[in-house]
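Keep the viewer open as you read, and follow along residue by residue.

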Amino acid sequence: MADSIRERIAQGLLSVGDQLPTEPELANEYALSRLTVRRALDVLQAEGLIEKFHGRGSFVRRPPRRVTYVSRCGVQLDQPTDGVEIENYVKPSSVLAEAPVASLMQVEPGTELAEYLYIAMRDREPYGLARIYVPLELSNLLTASTGHVPWGAEICQGLKAAGVRLARISERVVSRLPSQDEAESLNLAAGATVLVIERTAVDDQGRVAEGAHLVMPGDRVEVVFSTALAEPAGR
């Protein structure tokens with residue numbers, strides 16, 4: 001059933017805003033149980049193809065525009081990627097590192113850190129949450145304004161401009177179900193997944209100078225990794 005409806009949408013037989021048949025009608029059409037129909041509709045909703053409204057039914061959804069996350073922590077920054085804009089930026093706050101953050105920053109639990117919160121928006125839809133962590137002694141070196149680039153890549157640039165020599169940047173990507181807070185903040189449908197990127201920038205002394213925890217909707221963001229290779233000898 002999900003394949004059939006997916007194909008109808010792809011062929012234009014179902015357009016944005018069209019209402020799907022009711023669950024009893026779909027159960028009769030595909031000779032399925034109501035439970036199986038609901039599961040198929042949940043799959044389509046998680047893929048971002050339809051929206052379900054209690055008491056109204058299911059409707060074909062306008063496909064979300066994808067944006068591209070490109071690691072920019074170690075390169076010069078220009079404009080925000082793909083038209084993503086920062087709707088809200090919270091000034092640095094002081095937090096005590098709990099276990100996950102302490103592990104990310106390679107510090108003892110309870111260590112005081114500076115935290116920067118970013119919310120990336122596009123077309124009035126949330127496209128990502130970013131929490132950036134910096135050791136307090138390094139956060140005092142950041143003099144340029146922040147909050148202009150999605151996912152906080154400018155923090156690394158500010159540290160470099162302040163003389164912090166970054167030696168290595170690592171990014172770990174996983175896909176998982178969102179927490180309740182993440183689902184609400186990113187306006188996610190039931191069953192939708194998120195991409196989570198944990199980014200660490202290590203300086204030449206082996207210290208984590210910046211750690212980032214990025215959460216992005218799986219149906220709106222794609223992640224691209226690019227590696228610059230050295231030119232062959234003689235060129």
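Let us begin with residue classes: Ala, Val, Leu, Ile, Met, Phe, Trp, Tyr, Cys and Pro are taken as nonpolar, Asp, Glu, Lys and Arg as charged, and the others, Gly among them, as polar. With these classes, the lining of the second largest pocket holds nine nonpolar, two polar and nine charged residues.

The model is a predicted one, in which local features need pLDDT of at least 70 and side-chain atom pairs count only at pLDDT 80 or more, while totals for chains, interfaces and linings use all residues. Residues are numbered from 1 along each chain as its sequence is written, and side-chain values use heavy atoms, with hydrogens and water left out.

## The two pockets

A pocket, on a 1 Å grid over the protein atoms alone, is an open set of points where a 1.4 Å probe fits, with protein on both sides within 12 Å along at least five of seven lines; lining residues have an atom within 4 Å of a point. Grid points are joined across faces, edges and corners, and the volume is the space filled by probe spheres set on the points. Helices (H or I, at least four residues) and strands (E, at least two) are DSSP runs, numbered from the N terminus.

The second largest pocket has a volume of about 370 Å³. Its lining is made of 20 residues, and E51, R61, E125, N187 and R220 are the closest to its centre. Two or more lining residues come from each of α3, β1 (50–53) and β6, and β1 gives the most, with four residues.

The largest pocket has a volume of about 530 Å³. Here 21 residues form the lining, with V101, E115, R131, Y133 and H213 the closest to the centre. At least two lining residues come from each of β4 (85–96), α4 (99–105), β5 (112–122), β6 (125–135), α7 (180–185) and β9 (208–217). Strand β6 gives the most to this lining, with four residues. By class, the lining of the largest pocket has twelve nonpolar, three polar and six charged residues.

## Salt bridges

How many salt bridges does the count come to? There are twelve salt bridges, a salt bridge being a side-chain nitrogen of Lys or Arg within 4 Å of a carboxyl oxygen of Asp or Glu. The table lists some of them.

| Pair | N to O distance |
|---|---|
| D3 and R6 | 2.5 Å |
| E23 and R34 | 3.4 Å |
| E23 and R38 | 3.1 Å |

D3 and R6 sit in helix α1 (residues 2–10), three residues apart, about one turn of the helix. An α-helix has 3.6 residues a turn, so residues three or four places apart point the same way. For accessibility, buried means under 20% relative accessible area, exposed over 50%, and partly exposed in between (1.4 Å probe, protein chains only). D3 counts as exposed because its relative accessibility is 56%, whereas R6, at 26%, counts as partly exposed.

The salt bridge between E23 and R34 has its closest N and O atoms 3.4 Å apart. E23 lies in helix α2 (residues 23–30) and R34 in helix α3 (residues 34–46), so this pair ties together parts that are eleven residues apart in sequence. R34 is partly exposed, at 38% relative accessibility.

E23 also forms a salt bridge with R38, at 3.1 Å. Through shared partners, salt bridges join E23, R34 and R38 into one network. R38 is partly exposed, with a relative accessible area of 35%.

## Enclosed parts

Why is helix α6 (residues 154–161) described as largely enclosed by the rest of the structure? Six of the eight residues of α6 are buried, so the helix is largely enclosed. The buried residues are E154, I155, C156, Q157, G158 and L159. Their cover includes β5, β6, α5 (136–139), β7 (166–176), β8 and β9, where contact means heavy atoms within 4.5 Å. Just after α6, G163 takes a positive phi of about 100°.

S139 belongs to helix α5 and is buried, with a relative accessible area of 12%. Leaving aside residues up to four places away in sequence, S139 touches A114, Y116 and V134.

R199 is found in strand β8 (residues 194–203) and counts as buried because its relative accessibility is 1%.
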